[in-house]
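Please keep the sequence and the structure in view while reading.

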Amino acid sequence: MSQEEPRRPREGQEPRGPIKYDDVFNVSGGLASKAVAPQDAAMMQSAETAAFGSTQPGGQAEVMRSAARINERAGLVSRGDAAADQGVTITGTEIPAGRIITESLDGQVVGQYVQVAAEATTQQGAITVGQALEATMQTIGDKPVELSDAAAIREAEMRATGSNILTQGGYAASAQSAAAYNTGMIGDEDKIKLRDVLAGASAALPAKVVTRQDAEAVVNAERRNSPQLTTHPGGVAESMETAATLNENINIK
């Protein structure tokens with residue numbers, strides 16, 4: 001799993017209040033303050049079973065089920081309660097040598113997994129920086145570009161090109177311009193989205209294979225420029241981490 005591990009609640013302690021979604025996942029908006037509900041946990045369990053054949057050990061369904069059980073025992077939720085208006089979705093993004101599996105709750109990414117194809121054992125299947133950026137576009141392409149995104153894209157481009165010079169008209173420059181433009185906009189509808197600035201990255205950037213060092217540098221850049229000092233679920237940093245993990249799994253050094 002590429003993103004931060006979900007924070008597992010302790011069943012030996014009764015909560016002072018309900019265990020909320022932002023206690024276990026990196027989510028925001030209305031979902032964050034809602035109590036983890038039994039029906040949401042059941043939906044995630046069914047979705048994981050359908051997608052993987054069983055629930056993932058230590059995964060999102062397990063964490064939700066544990067939190068919902070604690071909330072129910074404390075009388076803070078009922079067995080039929082559900083909080084996620086948009087339900088649960090699990091999608092797969094095809095990448096060389098495998099797939100990125102994205103689990104979403106109420107439209108927000110709560111988990112990502114790398115499924116490595118059995119035949120992916122050589123560098124031919126390695127993920128490049130450009131491919132990782134395009135994976136972000138496929139996962140959360142509708143997200144408005146923020147300063148943290150622009151910083152992550154700049155670091156990724158520098159890692160791909162081997163230069164710290166900002167190329168005029170390049171991906172980093174476009175992302176910085178988009179973030180500056182979006183800052184002055186009120187609604188998201190007219191803001192420039194990630195899909196608008198990342199299209200074609202795999203073909204335009206040098207075919208630099210993502211390493212763990214590349215991923216860590218991008219993670220640090222995105223966190224430093226985030227008001228919450230965190231990475232965005234499914235964003236540039238997490239796509240780079242996913243790519244690094246996949247490359248390690250297929251013995252890319």
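A pocket is an open set of grid points with protein on both sides within 12 Å along at least five of seven lines, and its lining residues have an atom within 4 Å of a point. The model described here is predicted. In it, the largest pocket is lined by 26 residues, and those that lie nearest its centre are Ser 28, Gln 108, Lys 143, His 232 and Pro 233.

**The largest pocket**

- The volume of the largest pocket comes to about 540 Å³.
- Several elements each supply at least two residues of its lining, namely strand E1 (88–95), strand E2 (98–105), strand E3 (108–116), helix H4 (129–140) and helix H5.
- When the lining residues of the largest pocket are sorted by class, 17 are polar, five are nonpolar and four are charged.

**Cavities**

- A search of the whole structure finds two cavities of 30 Å³ or more, and the second largest cavity has a volume of about 40 Å³.
- This second largest cavity is lined by 10 residues, of which Glu 157, Met 158, Ser 163, Ile 165 and Leu 166 are the closest to its centre.
- Helix H5 (residues 147–161) gives the most to that lining, with four residues.
- The lining of the second largest cavity is made up, by class, of four nonpolar, four polar and two charged residues.

**Helix H5 with helix H6**

- Besides lining these spaces, H5 packs against helix H6 (residues 171–183), and their axes come within 8 Å and cross at roughly 170°.
- Because angles over 145 degrees count as roughly antiparallel, H5 is roughly antiparallel to H6.
- On the H5 side the contact involves Leu 147, Ala 150, Ile 153, Arg 154 and Glu 157, which meet Tyr 171, Ala 172, Ala 175, Gln 176 and Ala 179 in H6.
- Sorted by class, the contact of H5 with H6 has seven nonpolar residues, one polar residue and two charged residues.

- The crossing of H9 and H10 is left-handed, and the contact is made by Arg 212, Asp 214, Ala 215, Val 218, Val 219 and Glu 222 of H9 together with Val 236, Ala 237, Met 240, Glu 241, Ala 244, Thr 245 and Glu 248 of H10.
- Among the residues of this contact between H9 and H10, seven are nonpolar, one is polar and five are charged.
- H4 also packs against H10, and the axes of H4 and H10 come within 8 Å and cross at roughly 130°, which makes H4 oblique to H10.
- H4 passes H10 in a right-handed crossing, where Val 129, Ala 132, Leu 133, Ala 135 and Thr 136 in H4 meet Val 236, Ser 239, Met 240 and Ala 243 in H10.
- The contact of H4 with H10 divides into seven nonpolar residues, two polar residues and no charged residues.

Terms used. Residues are numbered from 1 along each chain as its sequence is written. This is a predicted model: local features need pLDDT of at least 70, side-chain atom pairs count only at pLDDT 80 or more; totals for chains, interfaces and linings use all residues. Side-chain values use heavy atoms; hydrogens and water are left out. A crossing is left-handed if the near helix is turned anticlockwise from the far one by less than a right angle, and right-handed if clockwise. Contact means heavy atoms within 4.5 Å. Ala, Val, Leu, Ile, Met, Phe, Trp, Tyr, Cys and Pro count as nonpolar, Asp, Glu, Lys and Arg as charged, and the others, Gly among them, as polar. On a 1 Å grid over the protein atoms alone, a cavity is a set of points where a 1.4 Å probe fits but cannot get out, and a pocket is an open set with protein on both sides within 12 Å along at least five of seven lines; lining residues have an atom within 4 Å of a point. Grid points are joined across faces, edges and corners, and a volume is the space filled by probe spheres set on the points. Axes are lines fitted to C-alpha atoms, for helices over the stretch in contact, and angles run from 0 to 180 degrees between N-to-C directions. Angles under 35 degrees count as roughly parallel, over 145 as roughly antiparallel, 65 to 115 as roughly perpendicular and the rest as oblique.
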